Amino acid sequence: MSHPTNPGFDIAHLGHVEMYTDRFAESLDFFTRVYGLKLSALDGDSAYLRAWDDYEFHSLKLTRHDRTGVGHVAYRAASPEALARRVAIIEQSGYRIHGWTDGDLGHGRAFRFEDPFGHVFEIYYDTRRAEPDEGDTPALKNTASRFTGAAPRRLDHLNLLSEDVTEFKRFMETCLGSRVTEYIELDNGRLGGCWFTVNNKTYDLACTKEHGGGAGRLHHVTYATDQREDILRAADIFLENGVHIETGPHKHAVQGTFFLYVWEPAGNRVELANAGARLILAPDWEPVCWTQAERMKGQAWGLKTIESFHTHGTPPVVEET
């Protein structure tokens, strides 16, 4: 008899990501006018943004900073009781604890902690719903708002970099109750990458090997589109607006996602992706293993992975002279 591998479902979903930018005005223009996110509010040095069908007040917190990269990663708990259960586990985990914060414009109290590589996470339950203004009310009442620009539908996932993917895997399984759906195993037996989920999505967070010598870095943040054709249209929108298209449109072998990667004005990598109808419904799902040889074949249809995809992350690594 097979054994269940599904997560405990204390965590409902990836809630939002805080992204740092040292070119705030240009980054905000990109995310609203070009990328197509909605501005929920401006508050001090932060802009609260969401996709047209994100149900919460924000899924991206864009913050003015002297560097780029990720400020924190936030997950919403399934209930107040689930939040308390996860906090108790995290407090006993041995990982670095930041403790409780009062939250921000988009949600209530949150518990913060840190992985071994400098990425800050938080878990919260009390949240604020999206509040579209009169000009943003959708024609169909079962969607959250109208859409513009590249028109991503919702926050999908993010990819973090670490020098030890196995240790990051232990962190995700312990603190968030995540399970691995797919992974890359290198010839030396080490993990080159892991894809995690806390629900029935194929993944909400990926961790891949840090090749650039940095610490606590961001690889990319991804929003989902309805269909592949939205990504093809987005490529033209990015071209017309002088956005750096790094690679794609194409299809990943790992997870089978149709993708397009660009750099926003501050250099943070952003993806548009369409995973089709893929869900992990089997309670006894066995993680899919990709070998180093299989990974070196490139993407699903033979496109070789470009060098910058392995080395570029934010903040950039300052080379010693």
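1. Helices (H or I, at least four residues) and strands (E, at least two) are DSSP runs, numbered from the N terminus. Please keep in mind that this is a predicted model, in which local features need pLDDT of at least 70, side-chain atom pairs count only at pLDDT 80 or more, and totals for chains, interfaces and linings use all residues. Residues are numbered from 1 along each chain as its sequence is written, and side-chain values use heavy atoms, leaving out hydrogens and water.

2. Strand 7 and strand 8 run antiparallel and are joined by 5 bridges; two strands pair if DSSP finds at least two bridges between them. Their hairpin has 5 residues between the strands, and there Gly-118 takes a positive phi near 100 degrees.

3. Strand 7 also pairs with strand 6, in the antiparallel sense over 5 bridges. In this pairing Arg-112 of strand 7 stands opposite Gly-99.

4. Now to helix 2, residues 80–91: which of its residues are buried? They are Ala-82, Leu-83, Arg-86, Val-87 and Ile-90. Seen down the helix axis, these fall within an arc of 135 degrees, so they line one face of helix 2 (the arc is that of the directions from the axis to the C-beta atoms).

5. What covers those buried residues includes strand 6 (96–101), strand 7 (110–114), strand 8 (120–124) and helix 3 (165–175).

Technical notes:
Buried means under 20% relative accessible area, exposed over 50%, partly exposed in between (1.4 Å probe, protein chains only). Contact means heavy atoms within 4.5 Å.
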